2 protein chains.
Amino acid sequence: YEYVERELLKLKDLPAQSLDGHRIHLKGNIEFVEEVSAINKHGGEGIGLYRTEMLFFNRASFPDEEEQYQAYAAIVQAMAPRPVTIRTLDVGGDKCVTDPCLTDEMNPALGVRAIRLSLRQPKAFKAQLRAILRASALGPVQLFFPMVSGVAEVRQAKALLEEAKAELRGKHPFDEAIQVGIMIEIPAAVVIADLLAAEVDFFSIGTNDLIQYTLAIDRTNEHLSSLYEPLHPAVLRSLKQVVDAAHRAGIKAHICGEMAGDPEYLPFLLGMGFDELSMNPVSIPRVKKILRRCTMAEAKQVADRMVTFATAAEADSYLKSEIAARFSESFD
Amino acid sequence: YEYVERELLKLKDLPAQSLDGHRIHLKGNIEFVEEVSAINKHGGEGIGLYRTEMLFFNRASFPDEEEQYQAYAAIVQAMAPRPVTIRTLDVGGDKCVTDPCLTDEMNPALGVRAIRLSLRQPKAFKAQLRAILRASALGPVQLFFPMVSGVAEVRQAKALLEEAKAELRGKHPFDEAIQVGIMIEIPAAVVIADLLAAEVDFFSIGTNDLIQYTLAIDRTNEHLSSLYEPLHPAVLRSLKQVVDAAHRAGIKAHICGEMAGDPEYLPFLLGMGFDELSMNPVSIPRVKKILRRCTMAEAKQVADRMVTFATAAEADSYLKSEIAARFSESFD
Ligand SMILES: [Mg+2]
Ligand SMILES: [Mg+2]
């Protein structure tokens, strides 16, 4: 085991590209500045998802702009010159903070979460946006909004970002051209991905929530775990629709959900055309290993075939047979 | 008001067709046999959704086959010769029955509901299927399954239906060719409507749940009512995708959610090509009135335009202006 780990870590400084030279970006999902070293150790190219929630948990009131700035600045400085993608507050649902409006929701996963909560609290939201903007003066930073369901929400969030910029000008430096993205994790966002692509600079698919909502299966409900199927044809078609809509609009498509960190899924995610996969840092070497042994042509073949099955079981057994036939030695 | 009601009831015996003769079916959603008279009084052409849940509520154990048969037989005989579409048990979520597996779900709307519950209790499910089959000897009956998320579930449910038929043969008469449908109310079912259409005889869209899941908005959460948008572009595109998939496969597309009973929505639902709308019986005359004043050409024009907007607000204001321009006198 230790030998395998050592072998994998040797991949650290090799480029994340397919056997025939197609480059994609492999990054890490983190919550704490201490995890930046794990990204570096495993050869990650930056932070694809920095979750800001930890700053907000278990306290009576939200952290102010200055406290948030200190936290974001530490992350950006630790990761520089590599980029950091910061997600605005994603609470509600299973992630609780103290808020009277969030208590007693009958279905918290379908409740006042994430961007819905931020848009209801514009003062607090702008404090977070200003803190992120200020951190963007210290290294490459992108920001993105979770749980977007429509164009109107994105426009509201972007308008508040413009207000936050105006409030900072002349007082604090920040990246005027900061890239703005959204998470694609609600079925509506998949259906109107073409409309949303016109509003932002990148998409990042949150596969965990996307699967949950697309299948109407609570991913924490143990009675339904057999129905929570990442390879359900509706999920695979949705992934493809999102990446195609992004590329038609000339923007990037990332994945930051658990699917990104599963090396078995790498061939079809590569073949579908994703530009960036962000995952638990420890998963990066295994994913990179498969990536470096796969040609884009065979990845495309697998991806094209994966969206033809009527059931997850068929897709799963096809994928397993392809992995066995083409990449078995890469899964040592 | 009474005068308006009397005028509307005069429509009772006129056919449900557009000004230029395109026929669709207007039916009623009911829970009790007593409501059959309301369907007749308002000119409904049968029952598009008979909810069997009431039989199952507030009791220690499920009703047996015989008790269910008596209830279904009464409905079918009261409605004959007009057809009755019976939905198998749709509980869980906000509709509670006594079942240990359903208690303490964190997100009941994403939990063990409807067909998921039925497939876990094949004995009880087959008792319901046998009761429905036996009622099909007494008048035209169709049956359909709620909360379908994939092809595998439909195949399992149909296999149990075949078992139920085998158990009845030689003992009780039933309609061997009973039509079998599914509700389309989970986003996955929209995405794979083409695959599901190959498995069944008709689709019935449950717009309330479809909106809820597509937008990830609990429809009972008062804090989110402004985000629960029937005219969200993702909802309108989903409706169109389902009806198109049904017709390409040569099967019928119905709507039995609340959208079917809103006369303002009639023009675009007609234009999209739906074959049947099932609603609260009292809504039938108002919907029929608009239907009879609308040509298919103008309905198609409205439907085509409705799917072009980026936001629900734009679709809503377009629809209101069309209604004002073309049908205002029909909304007296
Ligand atoms: Mg999420
Ligand atoms: Mg429903």
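This is a predicted model: local features need pLDDT of at least 70, side-chain atom pairs count only at pLDDT 80 or more; totals for chains, interfaces and linings use all residues.
Where is the place of Pro81(B) in chain B? Hi everyone, let me start there. Pro81(B) sits in the loop between α3 (65-79) and β3 (84-87) of chain B. Helices here are DSSP runs of H or I with at least four residues, strands are runs of E with at least two, and both are numbered from the N terminus.

Residues are numbered from 1 along each chain as its sequence is written, chains are lettered from A and ligands numbered from 1 in the order in which they are written, and side-chain values use heavy atoms, with hydrogens and water left out.

Back to that proline. The peptide bond from Ala80(B) to Pro81(B) is cis, with omega near 10°. Chain A has a cis peptide bond joining Ala80(A) and Pro81(A), where omega is about 5°. Pro81(A) is found in the loop between α3 (65-79) and β3 (84-87) of chain A. Most residues other than glycine have a negative phi, and most peptide bonds are trans.

While we are on backbone angles, here are two positive phi values. Ala216(A), a residue other than glycine, has phi near 55°, and lies in the loop between α9 and α10 (233-248) of chain A. Ala216(A) counts as buried because its relative accessibility is 0%, where buried means under 20% relative accessible area, exposed means over 50%, and partly exposed is in between, using a 1.4 Å probe and protein chains only. Met147(B) is not a glycine either, and its phi is positive at about 65°. Its place is the loop between β4 (141-145) and α6 (151-168) of chain B, and Met147(B) is buried too, with a relative accessible area of 0%.

Now, the metal. Which residues coordinate the magnesium ion (ligand 1)? They are Glu185(A), through OE, and Asp209(A), through OD, at 2.1 Å. Glu185(A) is in the loop between β5 and α7 of chain A and Asp209(A) is in helix α9 of chain A, so the pair ties together parts that are 24 residues apart in sequence. As for the cut-off, donors are N, O and S atoms within 2.8 Å of the metal (3.2 Å for Na, K and Ca); water is not among the atoms, so sites may look incomplete.

The UniProt record, an unreviewed entry, has a "binding site" annotation covering Glu185(A) and Asp209(A). They span 25 residues in sequence, yet no two of their C-alpha atoms are more than 5.4 Å apart, so they gather at one spot. The lining of the second largest pocket also takes in Glu185(A) and Asp209(A). UniProt positions are given in the numbering used here, feature names are shortened, and annotations may be inferred rather than shown by experiment. For the pocket, picture a 1 Å grid over the protein atoms alone: a pocket is an open set of points where a 1.4 Å probe fits, with protein on both sides within 12 Å along at least five of seven lines, and lining residues have an atom within 4 Å of a point.

Are these two residues buried or exposed? Both Glu185(A) and Asp209(A) are buried. Glu185(A) has a relative accessible area of 2%, and Asp209(A) is at 3%. Leaving out residues up to four places away in sequence, Glu185(A) touches Pro146(A), Met147(A), Gly206(A), Asp209(A), Leu210(A) and Tyr213(A), where contact means heavy atoms within 4.5 Å. On that count, the partners of Asp209(A) are Arg113(A), Met147(A), Glu185(A) and Arg219(A). The side chain of Glu185(A) also reaches the backbone nitrogen of Met147(A) at 2.7 Å.

Last stop, chain B. Gly273(B) is found in the loop between α11 (266-272) and β8 (276-279) of chain B. At 15% relative accessibility, Gly273(B) counts as buried. Leaving aside neighbours within four places in sequence, Gly273(B) is in contact with Val243(B) and His247(B). The C-alpha atoms of Gly273(B) and Pro285(B) are separated by 20 Å, with the two residues 12 apart along the chain.

Note on methods: A polar contact is a pair of N or O atoms within 3.5 Å; within protein, one must be able to donate a hydrogen and the other to accept it, and residues adjacent in sequence count only if both atoms are side-chain atoms.
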